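This explanation goes through one structure in running paragraphs. Please keep the sequence and the model open while reading.

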Amino acid sequence: KNSRKRKAMDIEYLLYLQQFRETVGSILTPLMNAVTKLSAGFLPIAMMCMIYWAFDRKAGRKILAGLGGGLFINGFLKLTFCVYRPWIRDTRILPFGDSKTAATGYSFPSGHTTRATAMFGGSGLWFMEKKHSVVAGLLFVLVFLTMFSRNYLGVHTPQDVLVGFISTAVMMYLTGWLELWSEKDKKRDLMILVAGLLICIAAVLYYEYKPYPLDYLPDGSLLVDPAKMRGDAYEGVGFIASFVICRILEKRQLDFDRISQKLRLFIGIFALIPLYWWINTGCPYIIEEISRSLGKFLRFGLGIIYIMVLVPGTVVLAGTLTNRGSDKVTREKQGQP
């Protein structure tokens with residue numbers, strides 16, 4: 001009885017927002033649609049990467065870890081509970097725009113909320129630590145606007161966004177604690193590597209062999225295709241698997257934060273261009289036509305290799321060559337060979 005009451009309350013809340021949206025939609029709807037697209041766009045990724053590459057290596061790695069943990073737990077919860085979208089549960093829900101064709105997977109928890117919490121929230125915490133309270137406040141507001149926008153547009157229930165926020169915040173805390181814990185002993189990096197890879201292997205086995213609901217539409221197609229949803233969950237698996245490997249290489253071999261900040265900033269800005277291409281139109285989209293799971297795994301896994309190894313490696317190489325060139329000029333000025 002209580003479960004039915006809670007169900008009615010979340011649907012009634014969405015219906016109330018829907019009525020409000022239809023009444024004054026020209027005022028708030030474009031803003032809410034823009035916010036929800038922003039949270040899943042490239043801007044928060046670019047901000048996170050620039051913090052990592054150019055301003056604060058440890059803080060950037062911490063934000064990356066929180067995002068990876070958030071994506072992983074989001075995929076795990078989606079495939080564990082297999083909750084259908086609000087308009088499937090109640091046909092009175094009419095989501096805004098093309099949501100019925102764009103948001104075809106499971107509803108719980110919200111993926112947009114996960115990304116916003118990890119990237120806007122994680123970056124906001126860094127700005128707050130650096131005493132940039134206005135920027136931090138704006139980023140925190142964006143997190144909660146993203147959560148509200150998913151309800152306002154009719155694509156997620158309140159519990160979808162709340163659990164998306166809470167589960168991601170917990171993962172951010174856990175991964176941040178692990179970063180501090182590992183600083184006390186280098187051997188702990190290897191423990192994190194082994195544990196991370198084992199968790200990824202266990203997740204793959206779980207996703208591939210667990211049962212899924214198979215409800216069909218009148219035309220014979222699946223209401224939600226489990227293969228598609230498994231593919232989406234591989235985003236977090238690919239992220240974590242690459243992160244725990246790259247993390248050791250970056251910490252032990254790539255001291256890129258010792259290079260001039262101007263050079264790091266310069267290289268970082270140009271490094272965003274291929275990253276944008278990779279995320280939006282890269283090779284994994286072609287691979288997804290053969291295997292969605294492999295495509296998603298590679299898009300995020302290779303993306304992390306680029307962010308944590310290739311770009312920092314380029315910074316270190318450029319810094320080394322620049323220093324050698326400066327030393328040579330100095331010796332020539334001093335008349336030394």
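In helix α11, the buried residues are L263, R264, I267, G268, A271, L272, L275 and W278; buried means under 20% relative accessible area, exposed over 50%, and partly exposed in between (1.4 Å probe, protein chains only). The model is predicted, so local features need pLDDT of at least 70 and side-chain atom pairs count only at pLDDT 80 or more, while totals for chains, interfaces and linings use all residues. Residues are numbered from 1 along each chain as its sequence is written, and side-chain values use heavy atoms, with hydrogens and water left out.

The length of α11 can be checked against its residue count. The expected span of a helix is 1.5 Å times one less than its number of residues. For the 21 residues of α11 this gives 30 Å, and the end C-alpha atoms are 30 Å apart, which agrees. T322 belongs to helix α13 and counts as partly exposed, at 42% relative accessibility.

Helix α11 (residues 261-281) also packs against α2, the two axes coming within 9 Å and crossing at roughly 150°. Axes here are lines fitted to C-alpha atoms, for helices over the stretch in contact, and angles run from 0 to 180 degrees between N-to-C directions. The crossing of α2 and α11 is right-handed; a crossing has this hand if the near helix is turned clockwise from the far one by less than a right angle, and is left-handed if anticlockwise. From α2 the contact (heavy atoms within 4.5 Å) involves I45, A46, C49, M50, W53, A54 and F55, and from α11 it involves Q261, R264, L265, G268, I269, A271, L272, L275 and I279. These residues divide into 13 nonpolar, two polar and one charged. In this grouping Ala, Val, Leu, Ile, Met, Phe, Trp, Tyr, Cys and Pro count as nonpolar, Asp, Glu, Lys and Arg as charged, and the others, Gly among them, as polar.

The protein chain as a whole has 13 helices and zero strands. Helices (H or I, at least four residues) and strands (E, at least two) are DSSP runs, numbered from the N terminus. Buried residues make up 48% of the 337 residues in the chain. Among contacts between residues at least 6 apart in sequence, 80% join residues at least 24 apart.

Charged side chains also join separate parts of the chain. A salt bridge is a side-chain nitrogen of Lys or Arg within 4 Å of a carboxyl oxygen of Asp or Glu, and by this rule the count comes to 20. In one of them, R89 pairs with D10, with the closest N and O atoms 3.3 Å apart. R89 is in helix α4 (residues 86-89) and D10 in helix α1 (residues 2-39), 79 residues apart. R89 is partly exposed, with a relative accessible area of 26%, whereas D10 is buried at 4%.

A salt bridge between D56 and K130 has an N to O distance of 3.7 Å. D56 lies in the loop between α2 (43-55) and α3 (57-81) and K130 in the loop between α6 (111-129) and α7 (133-152), so the pair ties together parts that are 74 residues apart in sequence. D56 is buried at 16%, and K130 is partly exposed at 38%. Another pair is E235 and R299, at 3.9 Å between the closest N and O atoms. E235 is in helix α10 (residues 226-253) and R299 in helix α13 (residues 292-333), 64 residues apart, and both are buried. A network of salt bridges links R57, R61, E179, E183, D189, R247, E250, K251, D255, D257 and R258.

Some backbone features remain. Most residues other than glycine have a negative phi, and most peptide bonds are trans. K131, in the loop between α6 and α7, has a positive phi near 70° and is not a glycine; K131 is exposed, at 72% relative accessibility. C82, in the loop between α3 and α4, has a positive phi of about 50° and is buried at 11%. The peptide bond from F108 to P109 is cis, with omega near -5°, and P109 lies in the loop between α5 (99-102) and α6.
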